[in-house]
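Please consult the sequence and structure alongside the text.

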Amino acid sequence: YEILSGTIRSRNLYLIGGEALFFVKLLKPEKYIIYTDFESIYNDCITNLDHTNSIHLISYETDTIELVDESYDVILNTSKHGLGVNLCRNILKLNQNRIIIVSCNKKSFQRDMKILSQKYKIEKQIDIETNYIVTVYFITKYFL
């Protein structure tokens with residue numbers, strides 16, 4: 001939380017993956033858009049948040065996510081399986097200048113970053129040690 005609260009530039013959050021409810025409650029954005037492929041996360045968000053039309057249950061493997069404008073900070077919280085090819089391609093289409101990825105699996109992140117590196121580079125990473133290592137990656141778009 002301390003890392004994210006100190007680096008969020010916008011009052012609007014675009015959240016993909018786990019911990020979306022946690023991020024909304026702690027970071028208190030004015031607006032948010034949530035995408036998850038996990039039914040229990042979706043149900044928690046629908047039950048505990050106000051803007052239920054901004055909460056979407058999708059398949060990361062087949063669905064498309066909507067484009068957002070630059071007024072949103074993008075935070076992805078991945079499972080140990082990572083993002084996957086389709087979600088990485090969707091993220092490339094978002095065309096955001098900066099994306100924050102919270103990952104608990106360096107191997108799946110490296111696999112996903114091979115796709116994301118078409119447009120993004122790792123600006124910074126911070127390892128957080130709990131009962132396992134969680135890494136927060138800040139990736140930024142290449143500017144020519």
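Helices (H or I, at least four residues) and strands (E, at least two) are DSSP runs, numbered from the N terminus. On that basis, Asn-95 is placed in the loop between helix H4 (85-94) and S5. The model is predicted, so local features need pLDDT of at least 70 and side-chain atom pairs count only at pLDDT 80 or more, whereas totals for chains, interfaces and linings use all residues. Residues are numbered from 1 along each chain as its sequence is written, and side-chain values use heavy atoms, with hydrogens and water left out.

**Overall architecture**

- The protein contains five helices and seven strands, arranged along the sequence as α-β-α-β-α-β-β-α-β-α-β-β.
- Along the principal axes, the C-alpha atoms of the protein fill a box of roughly 40 × 35 × 30 Å.
- Of the contacts (heavy atoms within 4.5 Å) between residues at least 6 apart in sequence, 57% join residues at least 24 apart.

**Surface and charge**

- Of the 144 residues, 46% are buried. Buried means under 20% relative accessible area, exposed over 50%, and partly exposed in between (1.4 Å probe, protein chains only).
- The accessible surface comes to about 8200 Å², and carbon and sulfur atoms account for 49% of that surface. Accessible areas come from the Shrake-Rupley method with a 1.4 Å probe; for residues, only the protein chains shown count as cover.
- The protein has 17 positive and 17 negative charges, whose mean positions are 7 Å apart. Lys and Arg count as positive and Asp and Glu as negative, while His and the chain ends are not counted. Each charge is placed at NZ of Lys, CZ of Arg, CG of Asp or CD of Glu.

**Helix H2 and its surroundings**

- In helix H2 (residues 20-27), the buried residues are Ala-20, Leu-21, Phe-23, Val-24 and Leu-27.
- Viewed down the axis of H2, these buried residues fall within an arc of 165°, so they line one face of the helix. The arc is that of the directions from the helix axis to the C-beta atoms.
- An α-helix has 3.6 residues a turn, so residues three or four places apart point the same way.
- The cover over the buried residues of H2 includes helices H1 (2-7) and H3 (39-48), together with strands S1 (12-17), S2 (31-36), S4 (72-77) and S5 (98-103).

**Non-glycine residues with positive phi**

- Lys-28 follows H2 and lies in the loop between H2 and S2. Although Lys-28 is not a glycine, its phi is positive, at about 50°; the residue is exposed, with a relative accessible area of 56%.
- Asn-95, likewise not a glycine, has a positive phi of about 60°. Asn-95 is partly exposed, at 35% relative accessibility.

**The loop between S2 and H3**

- Asp-37 lies in this loop and is partly exposed, with a relative accessible area of 41%.
- Beyond its neighbours within four places in sequence, Asp-37 is in contact with Leu-57, Ile-58 and Tyr-60.
- Asp-37 and Glu-61 are 24 residues apart in sequence, and their C-alpha atoms are 9.3 Å apart in space.
- Phe-38 also belongs to the loop between S2 and H3 and counts as partly exposed, at 48% relative accessibility.
- The C-alpha atoms of Phe-38 and Ile-58 are separated by 8.2 Å, with the two residues 20 apart along the chain.
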